[in-house]
Amino acid sequence: MNIILLGPPGAGKGTQASHLVSSRGMVQLSTGDMLREAKTSGTEMGRRVAEVMDRGELVTDEIVIGLIREKLDQGSDGGFIFDGFPRTLAQADALGELLAEKGETLDAVIEMQVDDETLVRRIVNRAEEARAAGQPVRADDNEESMRIRLMEYYKKTAPLIGYYHAKGMLNRVDGLGSIEAVQADIAAILDN
Ligand code: ADP
């Protein structure tokens with residue numbers, strides 16, 4: 001089973017994806033994690049990606065689609081969780097084509113709903129907690145980049161909600177509940 005976790009930055013997609021990896025043996029494909037890895041590669045591409053990401057803007061469709069294509073080629077018995085991808089309509093179309101080429105389907109899209117004030121608070125807290133623990137703080141986990149990330153989400157990613165609704169694939173969960181409550185809501189959708 002292949003699913004998309006859709007939602008704004010800070011909605012909890014990564015947390016829920018990790019749970020699905022351990023509970024169901026699925027493979028998490030986070031383009032954010034892949035791009036952060038590319039940032040540290042010391043290549044020209046990595047430097048360009050870093051500038052765009054740190055501002056809070058989206059990197060080009062071409063780059064992320066290329067990253068996803070490589071991972072899909074490796075296959076997954078438990079299915080894939082797409083986390084932070086697709087983020088544009090072009091990426092959504094590309095994903096549909098890549099899956100079709102492999103004879104695979106997209107089985108569910110789960111939109112995690114969280115209000116903006118909570119999102120900003122979560123991200124600012126995450127940065128403060130990391131700082132207090134002496135851990136690295138994500139360069140885009142500050143209020144200014146977060147506002148841009150949210151605007152990018154509403155302009156470019158939120159249209160995917162209508163796109164998947166029209167395809168009859170959209171499911172919604174309340175992302176304000178406890179981690180366990182959200183896990184239960186997602187499990188109910190996947191098991192129905
Ligand atoms: P979050 O969801 O918390 O904003 P991610 O880790 O998913 O964080 O992504 C961090 C950054 O990586 C994004 O702000 C963007 O610059 C880049 N990025 C991640 N995925 C994509 C994507 N599918 N398309 C374009 N840019 C992406």
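Contact here means heavy atoms within 4.5 Å. The structure is a predicted model, in which local features need pLDDT of at least 70 and side-chain atom pairs count only at pLDDT 80 or more, while totals for chains, interfaces and linings use all residues. Residues are numbered from 1 along each chain as its sequence is written, and side-chain values use heavy atoms, with hydrogens and water left out.

T88 sits in the loop between β3 and α5 (89-101); helices (H or I, at least four residues) and strands (E, at least two) are DSSP runs numbered from the N terminus. With a relative accessible area of 11%, T88 is buried (under 20% relative accessible area, 1.4 Å probe, protein chains only). Apart from neighbours within four places in sequence, T88 has contacts with L58, D61, K156 and L160.

Helix α2 (residues 31-39) has T31, G32, M34, L35 and A38 as its buried residues. These lie on the same side of α2, because they cover an arc of only 160° around the axis, taken from the directions from the helix axis to the C-beta atoms. Their cover includes β2 (27-30), α3 (44-55), α4 (61-74) and β3 (80-83).

The ligand has 18 residues around it, of which T31, R36, E57, Q91 and R149 come nearest; a residue counts if one of its heavy atoms lies within 4 Å. A polar side-chain atom of R36 is 2.8 Å from an oxygen atom of the ligand, and a polar backbone atom of E57 is 2.4 Å from a ligand oxygen atom. At G84, a backbone N or O atom lies 3.0 Å from a nitrogen atom of the ligand. Of the 550 Å² of accessible area that the ligand has on its own, the protein covers 96% (Shrake-Rupley method, 1.4 Å probe).

Note on methods: Buried < 20%, exposed > 50% of the residue type's maximum accessible area, 1.4 Å probe, protein only. Polar contact = N/O pair within 3.5 Å; in protein donor to acceptor, adjacent residues only side chain to side chain.
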